[in-house]
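Dear colleague,

I am handing over the structure we spoke about, and I would be glad if you could look through it alongside the notes below.

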Amino acid sequence: MSTMTAQLLERPTSGAPADHRGDPRWARPAMWGVLALAAVLYTWALGQNGYANDYYSAAIYSGTQSWKAFFFGALDAGSYITVDKPPLALWVMGLSARLFGFGTWSMLLPQAIAGVAAVGLVHSAVRRTLTARPIGDGAGHLAHVAALIAALVMTLTPITVAINRDNNPDTILVLLLVAAAWFCLEAIRTGRTRTLLVTALLVGLAFNTKMLQAYLVLPAFAAVYLMAAPGRPLRRIGRLLAAGAVLVVSSGWWMAIVDLWPSGSRPYIGGSSDNTVWDLVVGYNGLGRIFGASGSGSGGGANFGGEAGATRLFNDTMAGQISWLIPFAALALAVGVALVGRRPRTDPLRAALLLWGGWLAIHFVVFSFSEGGFHPYYATAMAPAIAALTGLGAVLMWHAFRRSAAWRWALPLGIAVTGGWSFVVLRRTTDFVSWLPWLVAGATAVAVLGLLAVAFGAKRLAAVALVAGLFGGLAGPAAYAVTPLTSAVQGTNPTAGPAGSGGMGGMGGRPGGTQQRTADQGTAEKPRTGRPGGGQVTTQLIKYLEANQGDATWLVAVDSAQSASSIILSSGKAVIAMGGFTGSDPAMTVAKLKGYVAAGTLKYILITDGRSSSVTEWVKANGTLVDASAYGGTDSSGQALYELG
């Protein structure tokens, strides 16, 4: 068996990827077709999404008003508090908003472009892997087939479609990590140090997009480079150490600047317990996400993705978002590594399988067992690895099917398991395209029976079997993928699929705001209501605050970022979110509040019933309660407005 496996795939004639001159005629049009499909899915009716996630939209808008707020990623133009993530993704959208005016398209179009770019990079990485390591007759065709399958899987991953239409930072994170993987594979193939350094730079930029989640790829990158890159062991270790130095600098420069900046002249670091980025990294966005430590934002966030455990990614919430091809990718990894297991240490195909496989395995474990805050859209980070393994594995198993009786079972098994799982997922919501599960089951049966017939000599059925298998594997995710196009994205919890599946309307998260500020609007439209804790901020209250703001920097101070962001977007004014995103950040103190009042930078504070702290007690003792009738409110609204000073 080992000798036959070793001889199954021929050795390459060259270690360098082939140029495009020998590409089949259909390759480029097909690639551009997939990219066009991605562009349509990610931009269709994008304007209906309004402000998407108000939390990030408010920070992006504030960054167009103040370069200080832009640099720190502050929620408000007065730079009172930052959002709970580093600002790189906000910078991308914020620069677009500065150039073209703040609005839905200027904010979300860069996200869609980043999503399409990530698809293109996955296609390129898979194609270059198989052109650097041809696998026999028709090698050029197989490389392009694998790349197209990978790109199509990436494009049609439902949660990826949803997040690429939103303004959460995960879209930029995925683009940077896919680019890092592309350069890492090139560094492994060529041994060039500068290419490895670019890999480290890109992961560092990804860290400044979503902190420690960016580092989940590092074990796979480092281990595969150390194993498969050319050169002696000490030379490989030295290059990794140099890359580590670049990683530290590219990851830590913004954090170092912010933490060294005098705290009194910069915004409070939202999500931290001690006003430092370091605490945000290791706490709220670090170990707290994994272990659910106090203050990590675990709260109800974990419930968005279901209970932690080995089956989380296959539960009713997550299955339709990401799981469709996980079984096939796992089988592809196992079979692929077995097929190439006896190749030279530097074999680029084995390196690619292990790199993408390590990426997938680490994310699977972390996302499955994390006890802290977990949203379905985090799983978009798994899509590149699933896509690459599916593309590479499909052509490897097809080649093995044609060449070896011992491996003829692999491809039919992969198609059968994938189609069967797709049937199960689709049947969980029986009112969603009710005929599709049966069509998928039929296509899967045709594919498996057709391959068995091919194995016994009916070679003319090969094309029919392969097309049926492709349909059986992609029809389910494609059906889920188009659902975000039909209604506004759920800004705080974007998902795809039918209601009740964890998709549109299936889980929490308010639909994207309908209000929007466009380039030619002097003031934003007023939303019907905002949500400060348990109360509502009415249009009349906002008008009252605007009329009486005077020279104050901030329009009002409220409990949390959810209410502050809606007021910022509806009024265009700076608003203090005293407790950050969750309302529990220790950002406001009595001494700080007294300073704002003395300086005349804050005149009003909105207190929500049920919240008690030294700040609220001081406000009640020293502020003047504004009669609710002055702004059309009532005493039973669950909130009270106080005038300070």
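Tyr-51 is buried, as is Phe-102, and I begin with these two residues, bearing in mind that the model is a predicted one. Their rings form an aromatic pair of the stacked kind, with 5.8 Å from centre to centre and 25° between the planes. The pair links distant parts of the chain, since Tyr-51 belongs to the loop between α2 (27-43) and α3 (54-65), while Phe-102 belongs to the loop between α5 (88-100) and α6 (104-132), 51 residues apart.

The count of aromatic pairs comes to 29. One aromatic cluster is made up of Trp-67, Phe-70, Phe-71, Phe-72, Trp-91, Trp-253 and Trp-261.

Arginines also sit over aromatic rings: the charged end of Arg-312 is placed over the ring of Phe-374, at 4.5 Å from its centre, and Arg-408 lies over the face of Phe-401, with 5.9 Å to the ring centre.

Towards the end of my notes come two helices, α19 (residues 436-455) and α20 (residues 462-481), which pack with their axes 7 Å apart and at an angle of about 155°. Because angles over 145 degrees count as roughly antiparallel, α19 is roughly antiparallel to α20. The crossing of α19 and α20 is left-handed. Where the two meet, the residues from α19 include Leu-436, Leu-439, Val-440, Ala-443 and Gly-450, and those from α20 include Ala-462, Val-464, Gly-469, Phe-471, Gly-472 and Gly-476.

Key
Residues numbered from 1 in each chain as written. Predicted model: local features only at pLDDT ≥ 70, side-chain atom pairs only at ≥ 80, totals over all residues. Heavy atoms only, no water. Phe/Tyr/Trp six-rings, centres within 6.5 Å; stacked < 30°, edge-to-face > 60°. Helix = DSSP H or I, 4+ residues; strand = E, 2+ residues; numbered from the N terminus. Buried < 20%, exposed > 50% of the residue type's maximum accessible area, 1.4 Å probe, protein only. Lys NZ or Arg CZ within 6 Å of the ring centre and 35° of its normal. Axes fitted to C-alpha atoms, helices over the stretch in contact; angles between N-to-C directions. Parallel < 35°, antiparallel > 145°, perpendicular 65-115°, else oblique. Left-handed = near helix turned anticlockwise from the far one by under 90°. Contact = heavy atoms within 4.5 Å.
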